[in-house]
Amino acid sequence: MAGPAALADLGIGELAVAPTVWPPVPVLKKGRRAPDERPEWMREEWLEPVIQNGEHIGAVLTLPGRRNAASGRVSNAVFSCDAAEKGAFERVVGESPALLQAVGRAQQLAKSRVPVLLLGETGVGKDVFARCIHESGATRDAPFVALNCGGFSRELLTSELFGYTEGSFTGARRGGMIGKIEAADGGTLFLDEIGEMPIDLQPHFLRVLEEGEVYRLGENKPRKVNFRLIAATNRDLRKEIQAGRFRMDLFYRVAVTSINIPSLRERAADIPLLGDYYLRRLSLQHGLEPRVLSPGAIELLRQYGWPGNIREFRNVMESMLLTARGHVLTEADLPPTW
């Protein structure tokens, strides 16, 4: 039984097609969905079968939010850049077709271990997509190891990737160090900004992908590794190939499949939903009363170009929340640089 307070916490609220208080959910008998046992308020499309070892053992009931229930549509998942449970695609809260397409493709590819290349501008949440794919796959309990190829010098990136033995170079850690490739064995290696990997380092990484072996710096004996590669970039790698900054053979190895993650300006219609999501979450984080955006503020937010995408949007929401005095955030509460 769900009361009004519980429904509010779930973000469900009153539904045009269901009572304010949900009736008890009937027991779904093992082996069938039993549509004749469904109450009138429960729609068939809200039930998703659960199959284990080829046997239909039950179903999952997903209750839609107010707006989607009133329109007769099931709520779709919309990606949220820094969701607390980063591996759960179902925690997203909007309806942008471009984003839903990317999420659907990611969910489908998560079932395999094929390399995936995530494409998108800075701040769209490629790192979260990578973790979602990993945690939705068969090796979700295995390591997820991330490394930003643009955050290190060539020497540091080499040691971070491949690891090293004790005494292999001046300043080497006593006992050596395991590299990110080796640490990801059995799980997922996520290389962000792979387009910034130095050109002379790329053939060594390609050899790892092709042979399934890694050599630590200062070591002559290979170590077997088996990992899933997810790479990400905000660059056009085909142009990087033409410019001689990225190897074509490595490109075809890392880009077996790809996912285009849309920018925020490409899904500006999601801004009201994202604004509500971040304001509720940030209000809880800072111990403040929940705030809402005025129609005028929403319109200005929609018109903005968002070069920093979701990352920038979250920062703007936090700034408005912490500096506004009223319950309703208006155009006057937008950052002074706007």
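**Reading helices, sheet and backbone**

Guide: Please bear in mind that this is a predicted model. Helix H3 (residues 97-109) lies across strand E3 (116-119), E10 and E11, and runs at about 150° to E11. Helix H4 (residues 126-135) also packs on the sheet: H4 touches E3, E4, E7, E10 and E11, and its direction makes about 150° with that of E3.

Visitor: In what order do the five strands form the open sheet?

Guide: The order is E4-E7-E10-E3-E11, with parallel pairing. At the edges are strand E4 (144-148) and strand E11 (257-260), each of which pairs on one side only. On average, neighbouring strands of this sheet are turned by 20° against each other, direction ignored.

Visitor: How many bridges join strand E7 to strand E10?

Guide: Four bridges link E7 (residues 188-192) with E10 (residues 228-233), and the two strands run parallel. Within this pair, Phe 190 has Ile 230 of E10 as its bridge partner.

Visitor: Let us turn to phi. Where is Trp 306 placed, and is Trp 306 buried or exposed?

Guide: Trp 306 sits in the loop between helix H11 (295-303) and helix H12 (309-323). Its phi is near 50°, a positive value in a residue other than glycine. Because buried means under 20% relative accessible area, Trp 306, at 0% relative accessibility, counts as buried.

Visitor: What is the phi of Asn 309?

Guide: Phi of Asn 309 is near 55°, a positive value in a non-glycine residue. Asn 309 lies in helix H12 and is buried, with a relative accessible area of 0%.

Key
Residues are numbered from 1 along each chain as its sequence is written. This is a predicted model: local features need pLDDT of at least 70, side-chain atom pairs count only at pLDDT 80 or more; totals for chains, interfaces and linings use all residues. Side-chain values use heavy atoms; hydrogens and water are left out. Two strands pair if DSSP finds at least two bridges between them. Axes are lines fitted to C-alpha atoms, for helices over the stretch in contact, and angles run from 0 to 180 degrees between N-to-C directions. Contact means heavy atoms within 4.5 Å. Buried means under 20% relative accessible area, exposed over 50%, partly exposed in between (1.4 Å probe, protein chains only).
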